[in-house]
Amino acid sequence: MTKMKKRVFISYSYQDKEFVEWLQDKLKDFDIEFWYDQAEIGVGESIKEKVNEGLNSSSAFILVLSHSSKNSEWVKYEMNSALLLNAIKKGISILPIKIDDSEVPADLSGYLYADFSKDKDKGLELLRKSLLKTKIRLSPSYKPCKVLNPIILPDESYKPIKNCVLSPINPIND
């Protein structure tokens, strides 16, 4: 059975792309998947729809705070969507990270942030600890599967089922 990974949504300004690429490499080291716009949104797809799908399937929302992101309409949209999702479902952790001396938006004043502007390693350690505490959220497309007759199959015959997580059968309740 494949181990489920935590998935994080990264919101940032394109002007901070170099930092975000560095952060992605570090998140891979923590065995964490991420929702990243350039990998998730194709030409002709609805950006808002894809952003909402990404937020709904993520355990955490990392908001890269900078002078650039403060002026980005998309970052504001993503932040407001994550805050609304958190208020309604309490299901996504909001994790602001500062990468320069910009001010924290008023909407996030009640959230502790990781400060990467002075020491990237310290900021990364704070972020890592917070990510460890987040709970894995199942995507809305999650479908539990039942194995009726568990048998060991030869490697060639095993085919994973898309969007399916195997769960044990409870013979009394099923």
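Predicted model: local features only at pLDDT ≥ 70, side-chain atom pairs only at ≥ 80, totals over all residues.
Local features need pLDDT of at least 70 and side-chain atom pairs count only at pLDDT 80 or more, while totals for chains, interfaces and linings use all residues. Residues are numbered from 1 along each chain as its sequence is written, and side-chain values use heavy atoms, with hydrogens and water left out.

**Exercise 1.** State how many helices and strands the protein chain has, and give their order.

Solution. Helices (H or I, at least four residues) and strands (E, at least two) are DSSP runs, numbered from the N terminus. The protein chain has six helices and seven strands. Their order along the sequence is β-α-β-α-α-β-α-α-β-β-α-β-β.

**Exercise 2.** State what share of the protein chain is buried.

Solution. Buried means under 20% relative accessible area, with a 1.4 Å probe and protein chains only.

**Exercise 3.** Describe the second largest pocket by volume and lining.

Solution. A pocket is an open set of points on a 1 Å grid over the protein atoms alone, where a 1.4 Å probe fits, with protein on both sides within 12 Å along at least five of seven lines; lining residues have an atom within 4 Å of a point. The volume, the space filled by probe spheres set on the points, is about 240 Å³. The lining has 14 residues, and Tyr14, Asp37, Ile47, Trp74 and Glu78 are the closest to the centre. Helices H2 (37-40), H3 (47-56) and H5 (73-89) each give two or more residues. H5 supplies the largest share, three residues.

Note on methods
Buried < 20%, exposed > 50% of the residue type's maximum accessible area, 1.4 Å probe, protein only.
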